[in-house]
Amino acid sequence: MLAMNPAQIETQLAAVRIGRLCMATPDGQPYAIPMPFCWNKGALYLRVPLKGRKGQILAKNPRVCFEIDWHTDTPDDYGSILIEGRLEVVADLAEKARAKSANDEKYDRLRGGHRPGHGRQTPLEELALQKIVVAQLSGRIRE
């Protein structure tokens with residue numbers, strides 16, 4: 001596997017629809033969930049209501065990683081990106097608006113404008129938006 005350059009990483013973060021938010025309980029039990037995401041200005045944004053199992057885990061340990069991967073129909077071309085860091089609540093309304101706009105633009109583009117089940121609007125003040133403050137970012141592609 002070859003290391004990806006920053007431009008390749010940016011391209012894939014803009015193209016991939018779903019990644020996996022990975023966390024661990026205080027006693028080390030791993031837990032991962034698939035989620036849509038948005039990469040914007042060096043942070044990864046997620047809509048993550050802090051309730052249920054993930055909320056309990058993240059309240060005690062905000063250190064996370066986020067993994068995305070892709071491949072062709074045959075395993076000739078594949079790769080992955082791993083983002084490691086700390087999950088933080090986004091409280092600033094301007095930052096929330098910027099991230100929400102980038103997220104809407106990404107998914108409108110990837111869905112060709114079709115947004116099934118959409119139409120509900122959560123006010124920015126109530127939007128459960130979190131971001132991963134990146135400590136380490138790496139990507140690998142098949143040689």
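The following dialogue examines how terms are applied to this predicted model.

Guide: In this predicted model, local features need pLDDT of at least 70 and side-chain atom pairs count only at pLDDT 80 or more, while totals for chains, interfaces and linings use all residues. Residues are numbered from 1 along each chain as its sequence is written, and side-chain values use heavy atoms, with hydrogens and water left out.

Visitor: How many helices and strands does the protein chain have, and what makes a stretch count as one?

Guide: The protein chain has three helices and eight strands. Helices are DSSP runs of H or I with at least four residues, strands are runs of E with at least two, and both are numbered from the N terminus. Along the sequence, the pattern is β-α-β-β-β-β-α-β-β-α-β.

Visitor: Why is the protein chain called as compact as a globular protein of that length?

Guide: The globule rule is 2.2 Å times the number of residues to the power 0.38, and the radius of gyration is taken over C-alpha atoms. For 143 residues the rule gives 15 Å, and the radius of gyration is 16 Å, close to that value, so the chain is as compact as a globular protein of that length.

Visitor: Why is Q130 called buried?

Guide: Buried means under 20% relative accessible area, exposed over 50%, and partly exposed in between (1.4 Å probe, protein chains only). Q130 has a relative accessible area of 5%, and is therefore buried. Q130 belongs to strand β8, residues 129–141.

Visitor: Why is L124 called partly exposed?

Guide: L124 has 25% relative accessibility and therefore counts as partly exposed. L124 is found in the loop between α3 (93–110) and β8. Contact means heavy atoms within 4.5 Å; leaving aside neighbours within four places in sequence, L124 is in contact with L93, K96, A97 and K100.

Visitor: How do you know that the buried residues of α1 line one face of the helix?

Guide: The buried residues of α1 are I9, Q12 and L13. Seen down the axis of α1, they fall within an arc of 100°, so they line one face; the arc is that of the directions from the helix axis to the C-beta atoms. The face turned away from this buried side carries the exposed residues A7 and T11.

Visitor: What makes a set of residues a nonpolar core, and which members of the largest one touch the most others?

Guide: A nonpolar core is a set of buried Ala, Val, Leu, Ile, Met, Phe, Trp, Tyr and Cys residues joined through side-chain atoms within 4.5 Å. The largest has 25 residues, of which L21, F37, L46, F66 and I132 touch the most other members. Its largest share, four residues, comes from β6. Leaving out residues up to four places away in sequence, F66 touches L21, F37, L46 and I132, among others. Apart from this core lies another, of six residues, among them A43, V90, L127 and L129.
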